[in-house]
Amino acid sequence: MTPISRTALIRRGTAASIALLLIFLAAWEWGPRLLGIPTFIVPPASAVYTEFVRMLVVNHLMFHTGVTAAEVIAGFILGSLLGAVFGYLLGMSPTAEFALSPYILALQIAPKVAFAPLFIMWMGFTVYPKILVAILIVFFPVMVNVLTAIRGIDPDLINLARSFTASRAQVFWKIEFPSSMPPLFASLRIGATLAVVGVVVGELVGGNFGLGYLLTFGEGQANTPMVFVCILMLTLIGGIAYLAVIWLEQRVLHYVPARPLGGL
Amino acid sequence: MNRLEFRDVTMRFADASARQSLTAIEGVSFSIADGEVVALIGPSGCGKSTLLNIGSGLYAPSAGQAFVDGEQVQGPSRHVAFMLQKDLLLPWRTIAQNVALGVEIQGQTKSECARRANELLRGFNLADFAGRYPHQLSGGMRQRVALARTLAIDPSVLLLDEPFSAVDAQTRISLQHDLAQTLKRAAKTALLITHDLLEAVILSDRVLVMSARPGRIVDEIPIEIGYRDEPLRRRQDGKVAGYMARLMERLEIVRPASDQPHALQPA
């Protein structure tokens, strides 16, 4: 294969992606009918669109989407911040890491979404239990990545800074913190998608708002198009969160050699 | 006056089994006068780098003392700077910002940092690369930037730990030339740790030979060739071969077959 330029790659790739989308939509619209699948199992794309428009008016779709998005943003930001702070603290204190590691491991293994009913019992049918599940689920990948990044820094780099008479704070801000940025962003990408999972599970378990609630509502009415609309809206929220992380990453990690499409 | 002095320095590390300690270097004493360049060679694992870490104040010796400018080394100081085989450039900093790392840590103003960095980069013909990032430079250029960073804090003693062993042979020759010129021009004192016997001879005023662990100084060879700032010219000097032969002998690099310690003995 001959090497192609970056612009040619983007042009060809975009064209192929759009073609795939059209093929997918066509298959969705006419495929089930051709195969004799009933519309209450797989509704065609047009029916899902009609339901989407109906839900905008009748079910306050935008209100529920907004609530879910706000919970995702809050859970993602708080979870990442907490994860990063704990990652840095444990990274700087091997003793603390050693002492806490069995508990961290236990919490990491425990399925975080299983905490959702508990949080709802504690905090009622509010937004808080949903945000809390998201925080919990985002926390671990961020903490583990930051911790591993701090542990993995070349000791000679720390010694170099120390030989220049750097204080502990200077070593952190000039060496450790910037070194941890690439792994931190890798974990934020994961966190952005996990936050949606946490919030939806919280909404599925209890409450009367959010896309998770609409999902169970649609399920109760055997309204398959409604379920499809909710899944699409959730994917949209996750996608926007993911793209926001990439946007920020490209600004912070501008010094990293360029990858096509920013390594999407 | 002695810029750097080691007085009866011994370093022991706790062994992995923690039962016994491992002696890296034992009773090492030597001093380096102002403006002198001393090379230190020895077999791998003989504790050369440990000596450098003690000199830069990163490790405290188990026994004995190190002195810089007559003052006992108690921790990292502004008068000592080290440079390693790895360039240790920070990928998120531009070349100029990398050069300024030391002065920035020592609390210089932004403009002073930039001024110092640009001046040094001009001296190394790297001014055009001031705004680039490390990954955009070749290995030899990166090592030159590392040398500029070492000089930026204007140390009285430079500790160089195999600074050119990771670059290709031609780049090494050019870097050796740059280093020799810089040390002469700035009248710096340096301790150069190297594996390369030729490098030791052509760059230094004196070569110290260390034994295998526990490292001790077993020989001291003054290099009486002159023109220390011209390693290219030194390479061609007739005396180099003689020094090399003596170093090889002291390091026991070549020994007669009958002398092999692990040779099979007849039953």
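Biologist: How many residues does the contact take from chain A and from chain B?

Modeller: The contact takes 15 residues from chain A and 21 residues from chain B. Two residues are in contact if their C-beta atoms, placed from the backbone, lie within 7 Å. This is a predicted model: local features need pLDDT of at least 70, side-chain atom pairs count only at pLDDT 80 or more, and totals for chains, interfaces and linings use all residues. Residues are numbered from 1 along each chain as its sequence is written, while chains are lettered from A and ligands numbered from 1 in the order in which they are written.

Biologist: Which helices of chain A each supply at least two residues of the side that touches chain B?

Modeller: α7 (155–163) and α8 (168–179) of chain A do. The largest share, 7 residues, comes from α7(A). Helices (H or I, at least four residues) and strands (E, at least two) are DSSP runs, numbered from the N terminus.

Biologist: And what is that side of chain A like by class?

Modeller: The side of chain A that touches chain B has 8 nonpolar, 4 polar and 3 charged residues. Ala, Val, Leu, Ile, Met, Phe, Trp, Tyr, Cys and Pro count as nonpolar, Asp, Glu, Lys and Arg as charged, and the others, Gly among them, as polar.

Biologist: Stay with α8(A). Which of its residues are buried?

Modeller: A:Val171, A:Lys174, A:Ile175, A:Glu176 and A:Ser179 are buried in α8(A). Seen down the axis of α8(A), its buried residues fall within an arc of 150 degrees, so they line one face of the helix. A residue is buried if 20 or more other C-beta atoms lie within 10 Å of its own, exposed if 12 or fewer, and partly exposed in between, with C-beta atoms placed from the backbone. The arc is that of the directions from the helix axis to the C-beta atoms.

Biologist: What do the buried residues of α8(A) pack against?

Modeller: They pack against α6 and α7 of chain A, together with α3 of chain B. The face of α8(A) turned away from its buried side carries the exposed residues A:Ala169 and A:Trp173.

Biologist: What span should α8(A) have?

Modeller: At 1.5 Å a residue, its 12 residues should span 16 Å. The end C-alpha atoms of α8(A) are 15 Å apart, which agrees. The expected span of a helix is 1.5 Å times one less than its number of residues.

Biologist: Now chain A as a whole. How many helices and strands?

Modeller: Chain A has 11 helices and 0 strands. Buried residues make up 37% of its 264 residues. The C-alpha trace of chain A spans about 75 × 60 × 30 Å along its principal axes.

Biologist: Is A:Leu147 buried or exposed?

Modeller: A:Leu147 is buried, with 24 other C-beta atoms within 10 Å. A:Leu147 lies in helix α6 (residues 128–151) of chain A. Not counting residues up to four places away in sequence, A:Leu147 touches A:Gly87, A:Leu90, A:Gly91 and A:Glu97.

Biologist: Over to domains. How is chain B divided?

Modeller: Chain B is divided into domain 1 (2–79 + 157–254) and domain 2 (91–154). Domain bounds come from an automatic or database domain assignment. The C-alpha centres of domain 1 of chain B and domain 2 of chain B are 25 Å apart. The contact takes 13 residues from domain 1 of chain B and 10 residues from domain 2 of chain B. Helix α6 (residues 169–185) of chain B gives the largest share of the domain 1 side, 6 residues.

Biologist: Which residues of α4(B) are buried?

Modeller: B:Cys113, B:Arg116, B:Ala117, B:Leu120 and B:Leu121. They cover an arc of only 130 degrees around the axis, which puts them on the same side of α4(B). Their cover includes α2 (95–99), α3 (101–105) and α5 (139–152) of chain B.

Biologist: Last one. How many residues has the largest nonpolar core?

Modeller: The largest nonpolar core has 81 residues. The largest share of this core, 7 residues, comes from α5(B). A nonpolar core is a set of buried Ala, Val, Leu, Ile, Met, Phe, Trp, Tyr and Cys residues joined through C-beta atoms within 7 Å.
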